[in-house]
Amino acid sequence: MLKTTVAGLALLVAGRVIRPLASQAATTDRIVRTDEEWKALLTPDQYEILRKEGTEQPFSSALLHEERAGIFACAGCALPLFSSKTKFDSGTGWPSFWAPLDQAVITKVDTSLGMSRTAVMCRRCEGHLGHVFNDGPKPTGLRYCMNGLALKFSPGVA
Ligand SMILES: [Zn+2]
């Protein structure tokens with residue numbers, strides 16, 4: 001009798017563990033690479049930004065003045081991140097957007113440099129893209145301040 005009860009409990013516990021893992025596997029398409037793999041794939045500047053949370057010099061990105069219709073994708077894994085429809089000139093020297101594409105980015109609190117900021121990362125490869133601030137234009141009021149080197153632009157349908 002006792003044995004049956006223990007076995008039943010074990011099954012219950014196993015069921016609880018397995019179910020969340022299975023549902024996660026069904027929805028995730030995460031890309032995980034080693035540092036060496038990223039170094040081989042990216043330029044040194046891209047690696048510094050995407051994998052080491054670096055920041056490019058302001059007004060250094062060719063994408064700052066990219067005004068064609070199209071999609072800005074992750075330079076690390078090519079996931080589409082931003083549409084030209086949400087790009088605006090923030091005057092900061094970094095490509096800026098008021099919204100990302102659906103399910104494109106994730107955020108985390110970044111307390112480096114003695115400030116509390118919200119860092120923005122690619123959802124798929126967790127590459128660092130930049131930060132998001134609350135001083136953007138309508139309709140969201142958000143300013144996604146991105147490193148141009150973390151993005152790859154493809155002209156076309158926005
Ligand atoms: Zn990515």
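1. Basis of the note. This is a predicted model, in which local features need pLDDT of at least 70 and side-chain atom pairs count only at pLDDT 80 or more, while totals for chains, interfaces and linings use all residues. Residues are numbered from 1 along each chain as its sequence is written.

2. Confidence. The protein chain has a mean pLDDT (the predictor's confidence in each residue, from 0 to 100) of 88, and 83% of its residues reach 70 or more. Over residues 4–26, however, pLDDT stays under 50, and the model has zero contacts there beyond four places in sequence; two residues are in contact if their C-beta atoms, placed from the backbone, lie within 7 Å. Where pLDDT is low, the predicted coordinates should not be read in detail.

3. Overall make-up. Three helices and nine strands make up the secondary structure of the protein chain, and along the sequence they follow the pattern α-α-α-β-β-β-β-β-β-β-β-β. Helices (H or I, at least four residues) and strands (E, at least two) are DSSP runs, numbered from the N terminus. Of the 158 residues in the protein chain, 27% are buried, a residue being buried if 20 or more other C-beta atoms lie within 10 Å of its own, exposed if 12 or fewer, and partly exposed in between, with C-beta atoms placed from the backbone. Among contacts between residues at least 6 apart in sequence, 56% join residues at least 24 apart.

4. Six strands form an open sheet with antiparallel pairing in the order 3-4-8-7-6-5, where two strands pair if DSSP finds at least two bridges between them. Strand 3 (87–88) and strand 5 (105–110) stand at the edges, each with a single partner strand, so one side of each is left without a neighbour in the sheet.

5. Strand 1 (residues 70–74) pairs with strand 2 over three bridges, and Ile71 has Ser83 as its bridge partner in strand 2.

6. Backbone details. Most residues other than glycine have a negative phi, and most peptide bonds are trans. Leu113, in the hairpin of strand 5 and strand 6 with its six residues between the strands, takes a positive phi near 60 degrees, and Leu113 counts as exposed because it has 8 C-beta neighbours inside 10 Å. Phe59, which is not a glycine, has a positive phi of about 60 degrees; Phe59 lies in the loop between helix 3 (44–50) and strand 1. The peptide bond from Lys138 to Pro139 is cis, with omega near 10 degrees, and Pro139 lies in the loop between strand 7 and strand 8 (143–146).
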